[in-house]
Each structure stands twice: as structure tokens, then as C-alpha cells.
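Open the model in your viewer and keep the selection tool at hand. The tour below goes from one selection to the next and says what is there.

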Amino acid sequence: LWVAALLVLIAVGARFIHLEADFPVQLTKSGAPLSDEGWHSNAAARYWLFGYWYLPGDVNRVIMQPTFQVLQWFSFGALGASLTSARLAPVFLFLGLVALMTSTIRTQTGLTGALVAAALLSTDFHLFAYSRIALIDLPMLFFVIASLWLLLTIGSKRPLVGGLMAGFVFSLALLTKPSALFAAPVLLLTALLGSEGWRNRWKQGLAFLTGTILLTGSHHLIARWLFRSDQPAHWNLISSKIQFEGMGLWERTWSGITIMGSRDVLLCLAVLISIGVVAQHWRKNGSASQRVTVFFLLGTAGSFAVIASSHYQPVRYFTPLIALFIGAVSLATAIALANHWRPVSALLLSLVALHIGVGTFRIVDYLAHPKWSYREFCKELTSDLEESDRLLLMGDMAPQVSLATGIEAISGLVGSQPAVLRFQEYRPTH
């Protein structure tokens with residue numbers, strides 16, 4: 001146990017090393033690490049660098065997805081707007097996610113399951129890489145798990161207060177990324193399986209729904225009223241990802257399975273075994289007191305359903321699913337050990353140890369051989385353009401370059417107005 005705890009502490013500290021190093025190119029073919037970071041932080045960066053936060057016609061995701069940008073506003077206010085400070089907020093949110101998941105799992109399994117979860121979360125290479133860049137998938141999951149934690153702790157003693165607080169926090173997840181919707185029915189079920197007595201259960205469930213609808217609904221109404229021109233771009237972005245594009249539901253589902261299986265075969269095998277362990281445990285003992293296990297199993301199914309609904313399936317979309325997989329495996333490992341199911345326990349522990357070993361090796365190798373091509377590119381760009389009186393970059397990478405250089409930027413093809421109109425209005429220099 002002490003070895004596992006020490007490994008977790010080392011892996012946590014490693015996340016702060018070489019934050020501006022190039023993203024591991026072997027993880028994805030997507031250009032998101034060179035564009036989406038800028039889009040998800042541009043309002044906060046504009047405010048602290050140039051004195052304004054909203055740019056008509058450009059990518060203004062802060063309007064419909066404000067949570068992460070508000071956190072970045074605080075980060076930039078304290079540390080200045082830069083690529084490093086942009087990436088610190090998601091690192092701290094991920095550490096919060098690890099703490100909340102282990103605390104939640106410990107309520108059901110004790111220290112064993114919590115340490116397994118912490119070790120797996122801290123050493124998984126995909127989670128390591130994506131928790132160090134300013135994308136919103138893992139921050140979204142942080143607020144989902146925070147909502148679950150509130151239901152299990154405060155909600156069990158004060159159903160009305162816990163339900164309302166969980167609903168408000170879940171709204172922050174939805175306002176980070178709409179795909180958090182996968183957790184809504186699972187969290188509601190968790191609320192309804194909670195406090196003693198059916199009155200308290202329904203009270204907590206209704207309070208959760210009220211808190212969620214109140215904050216999310218009021219924000220969308222205000223945003224629709226004040227920023228009507230930004231609404232179509234937001235909803236068109238969502239609808240474009242769930243269009244069939246020649247792929248039926250089965251093709252999308254199989255695509256998701258093959259991507260996940262090829263990326264993390266050890267974890268996928270552990271999940272399949274974990275389902276059998278939990279099913280056997282429930283057959284003997286029932287599932288009434290297993291709210292945490294219910295959440296992670298159904299949450300895994302819901303998260304995968306959201307991925308399968310989209311023809312666009314970049315690896316970053318799978319990071320919340322990987323974290324939920326880890327939650328399910330940790331619970332099943334603790335259950336198998338507690339029931340003295342030795343063959344299954346040995347198999348699960350072997351897969352867990354292999355996964356931790358492979359992940360740790362990849363993290364050490366990545367940090368020992370960092371590449372700095374993006375940082376060097378930004379330095380060269382700044383040097384080449386420093387003599388210009390007026391600088392305004394345009395391109396889908398431009399908002400990210402702005403974070404690293406402090407040069408003003410607008411987006412390229414993406415925006416609430418066509419690129420041609422924005423080009424004519426803002427007259428970018430490069």
C-alpha cells in the first residue's frame with residue numbers, strides 16, 4: 001500500500017514537468033492539441049492580454065460553455081496569460097478528479113479500492129497526456145464526479161441540500177461540455193437510491209433536477225437573449241458531430257470499440273472481467289447498497305453511448321471513458337479481494353500491475369525525451385514579427401499561438417461568421 005501511495009505522489013508531481021513540451025504525437029492524429037486549447041481559453045486570454053473578452057463573429061465558446069473559461073480567467077489573472085498557465089488549471093482539476101474518485105470509491109471498498117484507483121488514474125498515459133493540456137473533456141468529468149461525491153456525502157445526511165448542490169455542480173459540467181449529459185440519468189438514479197425512506201430519496205432526486213435545470217436553463221436563456229448571433233454556431237457544431245455521414249449506429253459503435261481496444265487493451269480486458277465480478281457479487285448480495293458501483297458501470301455505458309452517437313471520435317473523447325473504466329476496475333478488484341476470489345483477484349491485480357507498469361514507463365520515457373518544436377516555432381514567429389507595428393494572426397491555430405506569444409489572434413475557418421467576412425472586418429496581418 002505504501003508503494004502504491006508513493007507511486008501516486010510521484011506520478012502526480014510529474015504532471016508539472018515540461019508543461020510546454022510537444023504533445024505526444026503517437027496518441028492522436030487530431031489537430032486538437034494545436035487548436036482547441038486556444039478556443040477553450042481565448043476569452044480569458046483576450047481579457048488579460050488585450051482588455052476585451054468577446055469578439056463578434058469569432059469562436060466565442062465562452063458564451064455557451066463558460067465554466068472552463070472562467071477558471072482560466074482566474075489562472076491568467078494570478079499567473080499571466082501563457083501556455084503554461086493555461087495548462088495548469090486542467091492539471092489541478094485532474095488532481096481534484098483523482099482525489100474525488102478515490103474518496104468516492106473508498107466509501108464503498110475501503111482503502112484498497114481507493115489506492116488501486118489512484119495508482120491507475122495517475123499512471124495511465126492517455127490521462128497523463130490529456131490532463132496536461134487545456135482541453136475540456138477531463139475538466140467536465142471532474143464536475144460530474146464532484147456532483148456524485150456531493151450526493152454520496154452531504155446528500156446522504158441532508159437530501160435536499162445535497163441534491164441541490166449536486167445539481168448546481170452538475171450544471172457546471174454541462175456548461176463545460178454538453179456531452180456531460182450522459183451522466184444525468186445515472187446521477188439521478190444515484191440520488192434516488194440514496195437516503196433512507198422513499199420521501200428523502202424523491203426529495204433528493206427532485207432537488208438534483210431542480211438545481212441542474214435552474215442553473216443550466218437560466219444560463220442558456222440569458223446567453224440566448226444577449227448573444228443571439230453565437231447560438232447557431234454552437235448548435236451546428238454539436239449537430240454536425242452526430243450526423244450519420246454514411247456511418248450507421250453499429251459502425252460508430254464498432255469504431256469506438258476498436259479505438260478503445262487498440263489504445264488500452266489491458267484496461268479493456270480488466271473491465272470485461274470486472275463486469276463478471278460485479279455481476280457475481282450482486283447475484284449473492286444484491287445491488288441496493290452499491291451506488292458507487294452502479295454509477296461507474298452505468299456511467300461507462302452512458303459515456304460510450306455518447307461517443308458512439310458521433311461519427312467524429314478523436315482519442316480525447318475517450319479520456320472520460322478511460323477514467324470511468326478505471327473506477328469500475330478498482331471497485332471490482334476490491335470486491336474480488338474482499339470475497340477471497342483468489343484466481344480472479346490474481347488476474348485483475350496482474351492486469352492492474354501491467355497497466356501501471358506500462359503507463360509509468362511511457363510517462364518516464366516521454367519526460368526524459370521532451371520535444372520543443374512548438375515552443376521553438378512560437379519563438380521564431382515572435383522574432384520574425386517583432387518589428388511590425390500592428391499584428392493580428394488569423395487561422396485555426398492562431399488562438400493557441402496567441403497563448404504562447406501574446407500576439408493578438410482570430411480564428412480561421414471556424415467561427416459564428418464566415419471566415420471571409422471576418423477577414424474583411426478585422427484585416428489580419430498574417
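Select C268 and colour it by accessibility: its relative accessible area is 19%, so C268 counts as buried, where buried means under 20% relative accessible area, exposed over 50%, and partly exposed in between (1.4 Å probe, protein chains only). Then select C378, which is buried at 4% relative accessibility. How many disulfides does a search of the whole structure find? It finds zero, a disulfide being a pair of cysteine sulfur atoms within 2.5 Å.

Two remarks on the model before the next stop. This is a predicted model, in which local features need pLDDT of at least 70 and side-chain atom pairs count only at pLDDT 80 or more, while totals for chains, interfaces and linings use all residues. Residues are numbered from 1 along each chain as its sequence is written, and side-chain values use heavy atoms, with hydrogens and water left out.

Next, select residues 111–123, which form helix α6. Helices (H or I, at least four residues) and strands (E, at least two) are DSSP runs, numbered from the N terminus. Within α6, pick S122. Is S122 buried or exposed? S122 is buried, with a relative accessible area of 0%. Show its contacts (heavy atoms within 4.5 Å): leaving out residues up to four places away in sequence, S122 touches V8, A11, V12, R15, V98 and I363.

Move to L174 in helix α10, residues 159–174. L174 has a relative accessible area of 12% and is buried. Beyond four places in sequence, L174 touches A180, L181, T212 and T216.

Now select H18, in the loop between α1 (2–14) and α2 (36–39). H18 is partly exposed, at 30% relative accessible area. Its phi is near 55°, a positive value in a residue other than glycine. Most residues other than glycine have a negative phi. A368 is 350 residues from H18 in sequence, yet the C-alpha to C-alpha distance is 9.8 Å. For another positive phi, of about 50°, go to R427, which is not a glycine; R427 is in the segment after α21 (419–426).

Show helix α8 (residues 137–152) together with helix α17 (residues 319–338). They pack at an angle of about 45°, with their axes 8 Å apart. That makes α8 oblique to α17. Here the axes are lines fitted to C-alpha atoms, for helices over the stretch in contact, and angles run from 0 to 180 degrees between N-to-C directions; angles under 35 degrees count as roughly parallel, over 145 as roughly antiparallel, 65 to 115 as roughly perpendicular and the rest as oblique. D137, L138, M140 and L141 in α8 meet T319, P320, A323 and L324 in α17.

Last, select V144, F170, L187, F295 and F296. Of the 103 residues in the largest nonpolar core, these touch the most other members. A nonpolar core is a set of buried Ala, Val, Leu, Ile, Met, Phe, Trp, Tyr and Cys residues joined through side-chain atoms within 4.5 Å. Keep F296: among its contacts beyond four places in sequence are M101, I105, I145 and L148. A second, separate core of seven residues includes Y54, V62, M64 and A223.
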